[in-house]
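Open the model in your viewer and keep the selection panel at hand. The tour goes from one selection to the next and says what is found at each stop.

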Amino acid sequence: MNVRSTSVLKSDSDAQPAAAVNKSALRLPNDRWKPLEIVFWLLPVASYFFFPDYLVLVSQIMIVGLFALSLDLILGYAGIVSLGHAAFFGLGAYTAGLLSVHGWGEPISGLFAAAIVAGIVGFIVSFLVVRGQDLARLMVTLGIGLMLFEAANKAAFITGGVDGLSGMVMQPLFGVFEFDLFGKTAFWYSFGVLFILFVLLRRLVNSPFGLSLRGIREGGRRMPAIGANVDRRLVAVFTIGAAIAGVAGALLAQTTQFVGLDVLAFPRSADLMIMVVLGGTGRLYGALIGAAVFMVAQDYMSSKSPVYWQFYVGLFLVLIVLFARGGILGGAEKIFARFKRKEAA
């Protein structure tokens with residue numbers, strides 16, 4: 001065998017690993033559950049047994065975590081910036097609340113009704129959102145949120161206005177489990193809904209549709225070249241995000257049996273944006289971790305300093321942004337990558 005043929009064989013053998021790498025890079029994300037994910041979902045279950053006095057707080061964290069997931073879907077994956085996402089959360093809360101007040105207190109059907117109402121409004125609003133860029137989207141979503149807030153305030157004969165919507169009576173879950181004062185039923189109800197919707201969203205973002213959303217986020221002008229209808233995908237994901245936010249709002253209304261006007265307020269949207277950025281956008285677990293860290297920090301610092309707790313929460317957020325770019329999960333990934341490089345060296 002001459003030198004030329006040897007070099008050809010060598011180049012072919014070198015090309016095979018490269019081709020294998022390229023093929024693996026083109027595969028869809030692996031949808032298998034990792035051990036760390038299973039541990040993550042066992043933590044709320046453990047908290048039920050080890051922290052029975054904090055069941056209400058953990059339930060609230062799970063509900064807000066679901067709300068944060070809905071924003072991360074449109075912000076972290078599709079790149080749609082929203083400052084009025086509380087509008088859909090509030091619509092879901094008022095839908096479930098009004099159904100209960102008027103005699104329909106069945107929880108599961110209330111969730112579906114809230115998702116439908118919030119999804120329909122989200123579908124209508126989405127046509128305004130997809131027409132603009134970041135600043136226009138901020139203004140549109142903020143404007144929608146403010147209009148719905150004032151509409152709910154003016155329609156006090158329906159919503160209760162600033163006094164809130166009271167008189168809710170929820171039927172037992174599945175006709176068996178009553179909503180108790182200790183929050184046991186609310187805990188498992190919130191956990192079940194959160195887990196089911198998370199599994200669906202996890203499958204969605206790892207599907208070709210989810211990959212197309214990432215492509216739109218990174219370079220929306222190039223996506224039509226491969227046959228992707230950008231506007232249609234943005235409308236779809238915004239509608240899904242709105243529906244999930246509505247479910248979260250309905251969960252809050254059903255577990256607390258009260259709906260306040262603040263469910264539509266701008267501070268709720270602002271806090272939600274902080275949670276998603278804190279945990280890390282474009283990572284479903286980032287939304288859940290960001291919501292948990294924010295609410296625990298808020299609860300702890302407000303108990304330690306009732307007057308100046310917002311200062312300490314703000315300082316904590318600044319430190320996270322400075323030293324953990326990409327949020328908590330982004331910072332953890334960088335630390336893990338450095339550790340692996342040191343081990344390899």
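The second largest pocket holds about 540 Å³ of space. Select Pro44, Ser47, Val58, Ile61 and Ala292: of the 18 residues that line this pocket, these are the closest to its centre. On a 1 Å grid over the protein atoms alone, a pocket is an open set of points with protein on both sides within 12 Å along at least five of seven lines, a cavity is a set where a 1.4 Å probe fits but cannot get out, and lining residues have an atom within 4 Å of a point. Grid points are joined across faces, edges and corners, and a volume is the space filled by probe spheres set on the points.

This is a predicted model, in which local features need pLDDT of at least 70 and side-chain atom pairs count only at pLDDT 80 or more, while totals for chains, interfaces and linings use all residues. Residues are numbered from 1 along each chain as its sequence is written, and side-chain values use heavy atoms, with hydrogens and water left out.

Next, colour the second pocket's lining by helix: α2, α3 (55–77) and α12 each supply at least two residues. Helices (H or I, at least four residues) are DSSP runs, numbered from the N terminus. By type, the lining has 15 nonpolar residues, two polar and one charged. Here Ala, Val, Leu, Ile, Met, Phe, Trp, Tyr, Cys and Pro count as nonpolar, Asp, Glu, Lys and Arg as charged, and the others, Gly among them, as polar.

Move to the largest pocket, with a volume of about 800 Å³. Of its 23 lining residues, select the closest to the centre: Lys34, Glu37, Tyr285, Leu329 and Glu333. α2 (35–50), α8 (184–205), α12 (284–304) and α14 (327–344) each give at least two residues to this lining, and α2 gives the most, with five. The lining is made up of 14 nonpolar, three polar and six charged residues.

In α14, Gly327, Leu329, Gly330 and Gly331 are buried (buried means under 20% relative accessible area, exposed over 50%, partly exposed in between, with a 1.4 Å probe and protein chains only). Their cover includes α11 (266–279) and α12.

Stay with α11 and pick Ser269, which lies in this helix. Is Ser269 buried or exposed? Ser269 counts as buried because its relative accessible area is 3%. Leaving out residues up to four places away in sequence, Ser269 touches Leu83, Gly84, His85 and Ala86, where contact means heavy atoms within 4.5 Å.

Ser269 also lines the largest cavity, together with residues including Leu83, Gly84 and Leu142. The elements that give two or more residues to this lining are α4 (86–101), α6 and α11. Its volume is about 40 Å³. The largest share of the lining, three residues, comes from α6.

On α6 (residues 134–154), select Ala136. Ala136 is partly exposed, because its relative accessibility is 37%.

Last, colour by pLDDT, the predictor's confidence in each residue, from 0 to 100. The chain mean is 84, and 91% of its residues reach 70 or more. Over residues 1–26 the pLDDT is below 50, and this stretch has two contacts in the model beyond near neighbours in sequence.
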